[in-house]
Amino acid sequence: MASDKASGPSPSGKGAQSGHALTAAERTEYERLRRATGVRHRRLRRVGASVLLVLTLLLAPLAVVAAWVQDTVSDTDRYVQTVAPLASDPAVRKTVIDRLTNRVVRNVDVEAVTASLTKALADTGAPPRVVDASENLAAPLRSAVQTVVHRNVSRVITSDAFQQAWEGANRRAHAAVLNMLTGEREGALRATGEAVELDIGSVVDQVRQRLVDQGFEKAAVIPDTDRTVTLFETEQLGKAQDAVRLLDIMGTWVPVLTVALAALAVWTAPGHRVMLLVTALGVGLMMVVLLVALAVVRRVYLDGIPPGAQSTDAAAAIFDIFIRFLRESTRTLLVVSLITALSAYLYGPGRAARGVRAVAQRGATAAGRALSRAGLRTGSLGGRLAEHRSWAAGITIGAGALALVLWNHPTVGGVVLVLGLVLVGLALVAVLAATAETAPADVEPGRANP
């Protein structure tokens, strides 16, 4: 009897445990409750995944910016690599040359030189016409001084020695960048009020010594004051410094938190593949938003430059050079997001995805048969690949993802390279597996080719 009761139809085994079989009405009610519980569970998972997805998308741009700030501030090599192009940019060079030339010329008292010459001519008994004419030499003399000083300053600024001195000074004074971003008034790069200034004292010293060596003794009295160049001015500098301090503190944890939230969103969702597709597209969209925001900030920054403060070309060059790694990282993450979304779609049930997989499978099978007929035998390796093809494909894709994670500052070109290697690896796995599957048909007569 107990055996008969235990064998009663009960999907959950409740009949055996309770000592009696479920009636049709009880079984119907049980199935209804189980379905309702499943619906509530899936609904909760969808809500949780949606919340995690929203947090991921909100943090994604902040994570990129925070990682860039933290990386630029804490890595000396990265910082030097960031600012090194400023020394060779034509617009920046022209601004520095013009300003240094004007400062040197302002410290040469041409009128005093002309007056001394006039007095010397008068004392030596020169004709009155010559003495009077010497008073008109101020303008030509000033022009000559301007030309000579400009030529010497240009030689200094455009020389390889200046490029090396620039990089060396930035490497030694890397702490000055941190001072500027945190509002400290020390170092080569610092914040003064609403302006960000660059101390070019070493350049002034080189120009002064070069002019003295060329016979311009007056250059020795060039003052040590006014040795800074204002890079840009903004009313939002204080707020930017506060934001930078926060981003620097969170630079390590915000990216990790963002990746963790994205992974949790995919894991929590009832449909992992669909959530991976949505998350990748969402992150890609946020990267587009970040690129647009950078373009808007650039426009606002250029429009906010006071008239006469510096040339627009130099200001644009400084901005573009300083954020180029941020822009590059944003583009790289955009490409990675699009590749991830495409991969998630191709693994789905869509008609186009099935068509692509079918074409790839037919191609791999045809290549495997051709290699098998040519005498290639993959042995046990091919058999294992054929038996565990999904695992082999997953390991190949995982290796590509790991390469990007371990790659220090991957670029769009690096992502494309890794993608190409992964595709080659997947194709190789598929062909070797197909070769192993078709090999028995070629060596055992009487068996039909698959």
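The accessible surface of the protein chain comes to about 25700 Å², and 64% of this area belongs to carbon and sulfur atoms, where areas come from the Shrake-Rupley method with a 1.4 Å probe and, for residues, only the protein chains shown count as cover. The model is a predicted one, in which local features need pLDDT of at least 70 and side-chain atom pairs count only at pLDDT 80 or more, while totals for chains, interfaces and linings use all residues. Residues are numbered from 1 along each chain as its sequence is written, and side-chain values use heavy atoms, with hydrogens and water left out.

Of the 450 residues in the protein chain, 35% are buried, a word that stands for under 20% relative accessible area, with exposed meaning over 50% and partly exposed in between (1.4 Å probe, protein chains only). The chain has 20 helices and 3 strands, which are DSSP runs (helices H or I, at least four residues; strands E, at least two) numbered from the N terminus.

Helix 13 (residues 253-268) packs against helix 14 at an angle of about 145 degrees, with the axes 7 Å apart; axes are lines fitted to C-alpha atoms, for helices over the stretch in contact, and angles run from 0 to 180 degrees between N-to-C directions. In this pairing, Ala262, Ala265, Val266 and Trp267 of helix 13 meet His272, Met275, Leu276 and Thr279 of helix 14, contact being heavy atoms within 4.5 Å.

Further along, Val296 lies in helix 14 (residues 272-303), and this residue is partly exposed, with a relative accessible area of 46%.
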